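Student: I would like to learn how to read a few features of a structure, taking them in turn. Could we work through one together?

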Amino acid sequence: MRKEANRDVVSEISDFLRKRGLEPRIVTWKDRTLLVTHRNPAPEEIAPLKENKIVERIAHPTLRAQLASREFQDSTSPVRVGSAEIGRTKLAIIAGPCSVENREQLLKAARAAKECGASLLRGGVFKPRTSPYEFQGLGEAGLRLLAQAREETGLPVITEVLEPGKVDLVAKYADMLQIGARNMQNFSLLKAVGKSKMPVLLKRGMMATIEEWLQAAEYILLEGNPDVVLCERGIRTFEKATRNTLDLAAVPVLRKTTHLPILVDPSHATGCRDFVGPMAKAAVAAGADGLMIETHPSPETALSDPHQQLTLEEFASLLRELELVAKAVGRAIR
Ligand code: PEP
Ligand code: MN
């Protein structure tokens with residue numbers, strides 16, 4: 001609907017659609033109101049709307065994830081997170097430890113991230129660990145450390161939220177909410193982060209198809225939260241040489257189907273420090289809008305994912321190497 005559409009007009013057009021069995025959902029999308037129907041109507045069913053001046057545009061997305069589709073919006077929609085923007089020429093680099101462990105560890109990683117030109121600081125405080133005996137994260141104390149690191153470096157912070165009941169708490173401290181691979185289809189969590197209106201990084205489920213992933217994103221978008229970024233982090237296959245199999249083809253596939261920015265996480269995808277650099281370069285070459293890379297001042301002592309976190313020196317040298325790759329595909333690191 002056009003900006004001027006008031007409540008009465010919206011309900012009039014909703015009634016028109018409902019009478020045709022189209023079950024419209026009213027979505028507030030930036031400064032517009034959208035009426036999203038559950039099925040794609042035939043053009044003749046809604047012909048009168050074409051003449052209606054308050055209707056700005058009628059889209060017929062064929063993808064089951066309508067709002068995520070390029071048929072709804074044809075150019076990449078950058079997502080602003082504090083001082084950072086994801087989906088622009090400058091690549092968004094998210095760096096920081098797997099888990100926030102203590103003040104010193106986090107601040108060292110944060111300063112290195114800042115110095116190298118990273119855009120965001122990451123650090124898990126609610127950790128989705130496979131074993132209940134493993135380090136589960138510092139919880140709210142970790143959130144406070146993230147806020148301190150932001151204060152010192154100016155970097156916006158991103159951290160994972162595991163349950164709907166914790167969304168408000170995490171949103172109080174973080175600039176961006178992360179939905180982890182294990183929660184990609186936790187629909188009540190997706191709706192809760194949608195309602196929060198915070199920028200969201202949605203990681204691909206380890207057994208999710210690209211279409212399922214986009215439909216998960218759609219749950220967030222349908223709450224009227226347009227700030228969703230996708231992150232490919234590898235899927236589970238028969239191959240055991242790497243922790244997961246990085247599906248790099250997902251990058252161009254998504255580019256064609258969705259306007260949402262696309263990041264790649266070569267750390268969780270490979271599970272091995274030696275493979276992070278090569279796959280980071282490949283991801284940039286494939287057209288990713290940025291990377292999520294785990295970094296730690298002393299990875300060998302890390303309380304989670306010790307094998308895949310880069311030292312701060314390795315991270316700095318990788319970013320230097322990435323500059324050339326970025327340049328070759330019309331992007332920049334800084
Ligand atoms: C993470 O990024 O901290 C994480 C747990 O990754 P994933 O959800 O992709 O496994
Ligand atoms: Mn990790």
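Student: Which residues does K127 touch, not counting residues up to four places away in sequence?

Tutor: This is a predicted model, and in it K127 touches C98, S99, R122, F135, Q136, G137, L162 and S304. K127 itself is found in the loop between β6 (120-122) and α4 (140-153).

Student: What is the nearest side chain of opposite charge to K127, and how far away is it?

Tutor: A salt bridge calls for a side-chain nitrogen of Lys or Arg within 4 Å of a carboxyl oxygen of Asp or Glu. The nearest side chain of opposite charge to K127 is E294, 5.1 Å away, and K127, although buried, has no salt bridge. The side chain of K127 does, however, reach the backbone oxygen of C98 at 3.1 Å.

Student: How should I read a pocket, and what is the volume of the largest pocket here?

Tutor: Rolling a probe the size of a water molecule over the atoms shows where empty space is left. In this model the largest pocket has a volume of about 660 Å³, and of the 27 residues that line it, the closest to its centre are L34, L35, R57, I58 and A59. The elements giving two or more residues to that lining are α1 (7-19) and β2 (32-36), with β2 giving the most, 5 residues.

Student: Which residues of helix α6 are buried?

Tutor: An α-helix has 3.6 residues a turn, so residues three or four places apart point the same way. In α6 (residues 187-196) the buried residues are L189, L190, A192, V193 and G194, and what covers them includes α5 (167-173), β8 (176-179), β9 (200-203) and α7 (210-221). After α6 comes K197, whose phi is positive, near 65 degrees.

Methods: Residues numbered from 1 in each chain as written. Chains lettered and ligands numbered in written order. Predicted model: local features only at pLDDT ≥ 70, side-chain atom pairs only at ≥ 80, totals over all residues. Heavy atoms only, no water. Helix = DSSP H or I, 4+ residues; strand = E, 2+ residues; numbered from the N terminus. Buried < 20%, exposed > 50% of the residue type's maximum accessible area, 1.4 Å probe, protein only. Lys, Arg positive; Asp, Glu negative; His and termini not counted. Polar contact = N/O pair within 3.5 Å; in protein donor to acceptor, adjacent residues only side chain to side chain. Contact = heavy atoms within 4.5 Å. 1 Å grid on protein atoms, 1.4 Å probe; cavity = no way out; pocket = protein on both sides within 12 Å on 5 of 7 lines; lining within 4 Å. Points joined across faces, edges and corners; volume = space filled by probe spheres on them.
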